[in-house]
Amino acid sequence: MTSLYKAEKPVFERVGFGKKAREIHRALARDTELDGVDLRVFLYLTSCLDFENYLQAPHVEIAEALGRRKEHITRSMAKLKAKGIVIAGPKVGRSAVWRLNPNYGK
């Protein structure tokens with residue numbers, strides 16, 4: 001029988017995302033300048049990006065996945081970049097590349 005109260009590490013720690021993720025999520029939750037769309041974009045980005053590699057995250061793709069307009073995603077990405085939550089890398093063709101900022105929330 002498995003207990004719900006079993007002393008098991010949180011899912012983020014089991015996948016090596018642990019303390020960093022908690023710090024970032026806590027800082028985001030307290031940031032009154034971010035709205036629901038910004039937070040949804042961030043959550044989507046965490047499923048695509050990591051702290052070390054720059055990866056493409058096309059605004060059109062994010063907009064389709066979240067059921068929002070591209071303009072909303074562009075605005076949210078600009079906010080996340082300005083706050084240092086995501087870091088833009090060199091463009092690949094016409095597409096920007098991004099990674100999560102491991103120092104955000106400290």
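Of the 106 residues in the protein, 36% are buried. The model is a predicted one. Its accessible surface comes to about 7200 Å², and carbon and sulfur atoms hold 53% of that area.

The protein has five helices and three strands. Read from the N terminus, the order of these elements is α-α-α-β-α-α-β-β. Among contacts in the protein with a separation of 6 or more, 57% are between residues 24 or more positions apart.

The table collects the values for the protein as a whole.

| Property of the protein | Value |
|---|---|
| Buried residues | 36% of 106 residues |
| Accessible surface | about 7200 Å² |
| Share of the accessible surface from carbon and sulfur atoms | 53% |
| Share of contacts with a separation of 6 or more that join residues 24 or more positions apart | 57% |

The rest of this report concerns the largest pocket, which has a volume of about 190 Å³.

Helix H5 gives the most, with four residues. By residue class, the lining of the largest pocket holds seven nonpolar residues, three polar and one charged.

Definitions and conventions:
Residues are numbered from 1 along each chain as its sequence is written. This is a predicted model: local features need pLDDT of at least 70, side-chain atom pairs count only at pLDDT 80 or more; totals for chains, interfaces and linings use all residues. Side-chain values use heavy atoms; hydrogens and water are left out. On a 1 Å grid over the protein atoms alone, a cavity is a set of points where a 1.4 Å probe fits but cannot get out, and a pocket is an open set with protein on both sides within 12 Å along at least five of seven lines; lining residues have an atom within 4 Å of a point. Grid points are joined across faces, edges and corners, and a volume is the space filled by probe spheres set on the points. Helices (H or I, at least four residues) and strands (E, at least two) are DSSP runs, numbered from the N terminus. Ala, Val, Leu, Ile, Met, Phe, Trp, Tyr, Cys and Pro count as nonpolar, Asp, Glu, Lys and Arg as charged, and the others, Gly among them, as polar. Buried means under 20% relative accessible area, exposed over 50%, partly exposed in between (1.4 Å probe, protein chains only). Contact means heavy atoms within 4.5 Å. Accessible areas come from the Shrake-Rupley method with a 1.4 Å probe; for residues, only the protein chains shown count as cover.
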